Amino acid sequence: NVRGVQTSLSSAMGCRPSSIHGENILADIETQEQWERLSADMNKVDLVTTMCRLLREPKHYLIQAIVEEVGPNVAVEIMAETKNSLENGGMKRSDGNGYRTPGGVFLVHLRTYVSAKTFKQLMKDSRKKQKELQKAAAQRSWLW
């Protein structure tokens with residue numbers, strides 16, 4: 001099976017060609033256009049929305065907090081590093097089981113731009129917001 005051979009070779013090399021995953025060609029073109037439009041000159045709402053879409057990150061509040069912390073210029077710089085990593089096969093997870101999501105790759109690169117204390121606080125705030133959202137969703141479900 002050619003696909004199995006490609007997967008085995010990719011795993012051995014630590015990369016994952018997008019062709020193995022059968023990604024939609026149109027989606028790739030649209031994604032490429034979004035990467036090209038990404039700019040620190042965008043208004044913050046558009047910047048955060050575009051970043052979330054490109055990173056496939058549902059935690060928009062986390063990305064918003066990061067942009068507010070590091071500023072749009074640095075956020076776009078980290079996005080460029082993330083794109084480069086993704087184009088070069090992505091990053092393996094620290095446990096060795098699979099690959100990091102695009103958002104996970106972004107967070108790895110973010111660590112080089114902020115202090116450990118700042119990174120921890122961003123993650124703590126994100127977890128707190130996630131719990132608040134889950135609690136609100138649970139309360140809404142009881143209303144039905």
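This is a predicted model: local features need pLDDT of at least 70, side-chain atom pairs count only at pLDDT 80 or more; totals for chains, interfaces and linings use all residues.
View 1. Arg 56 is a residue other than glycine, and its place is in the loop between H3 and helix H4, the latter covering residues 60-70. Most residues other than glycine have a negative phi. With a relative accessibility of 59%, Arg 56 counts as exposed, because the cut-off for that class is over 50%.

**View 2. Helix H3 from its start to its end.** Helix H3 runs over residues 44-55, and its 12 residues, taken at 1.5 Å a residue, should span 16 Å, which agrees with the 16 Å that separates its end C-alpha atoms. At the start of H3, the backbone nitrogen of Val 45 has a side-chain oxygen of Asn 43 within 3.1 Å. Within the helix, the buried residues are Leu 47, Val 48, Thr 50, Met 51, Cys 52, Leu 54 and Leu 55.

**View 3. Met 51 and the largest nonpolar core.** The largest nonpolar core has 25 residues, and those with the most contacts inside it are Met 51, Ile 63, Ile 66, Phe 106 and Leu 110. At least two residues of this core come from each of H3, H4, H5, helix H6 (102-110) and H7. When residues up to four places away in sequence are not counted, Met 51 touches Leu 38, Ile 63, Val 67, Ala 75, Met 79 and Phe 106. In soluble globular proteins, nonpolar side chains tend to be buried together.

**View 4. Ser 126 in helix H7.** Ser 126 has its place in helix H7, which covers residues 116-143. Ser 126 counts as buried because its relative accessibility is 6%, and the class takes in residues under 20%. Leaving aside residues up to four places away in sequence, Ser 126 touches Lys 59, Tyr 61 and Leu 62.

**View 5. A salt bridge within helix H5.** The count of salt bridges comes to two, and one of them joins Glu 87 to Lys 83, with the closest N and O atoms 3.7 Å apart. Both residues lie in helix H5 (residues 72-87), where Glu 87 and Lys 83 are four residues apart, about one turn of the helix. An α-helix has 3.6 residues a turn, so residues three or four places apart point the same way. Glu 87 is exposed, its relative accessible area being 52%.

**View 6. The salt bridge between Arg 93 and Asp 95**. Here the side chains of Arg 93 and Asp 95 meet at a distance of 2.8 Å, taken from N to O. Arg 93 counts as partly exposed at 37% relative accessibility, and Asp 95 is likewise partly exposed, with a relative accessible area of 43%.

**View 7. The chain as a setting for the close-ups.** Of the 144 residues in the protein chain, buried residues make up 31%. Among contacts between residues at least 6 apart in sequence, 56% join residues that are at least 24 apart. The protein chain exposes about 9700 Å², of which carbon and sulfur atoms supply 53%.

How values were computed. Residues are numbered from 1 along each chain as its sequence is written. Side-chain values use heavy atoms; hydrogens and water are left out. Buried means under 20% relative accessible area, exposed over 50%, partly exposed in between (1.4 Å probe, protein chains only). Contact means heavy atoms within 4.5 Å. The expected span of a helix is 1.5 Å times one less than its number of residues. A polar contact is a pair of N or O atoms within 3.5 Å; within protein, one must be able to donate a hydrogen and the other to accept it, and residues adjacent in sequence count only if both atoms are side-chain atoms. A salt bridge is a side-chain nitrogen of Lys or Arg within 4 Å of a carboxyl oxygen of Asp or Glu. A nonpolar core is a set of buried Ala, Val, Leu, Ile, Met, Phe, Trp, Tyr and Cys residues joined through side-chain atoms within 4.5 Å. Accessible areas come from the Shrake-Rupley method with a 1.4 Å probe; for residues, only the protein chains shown count as cover.
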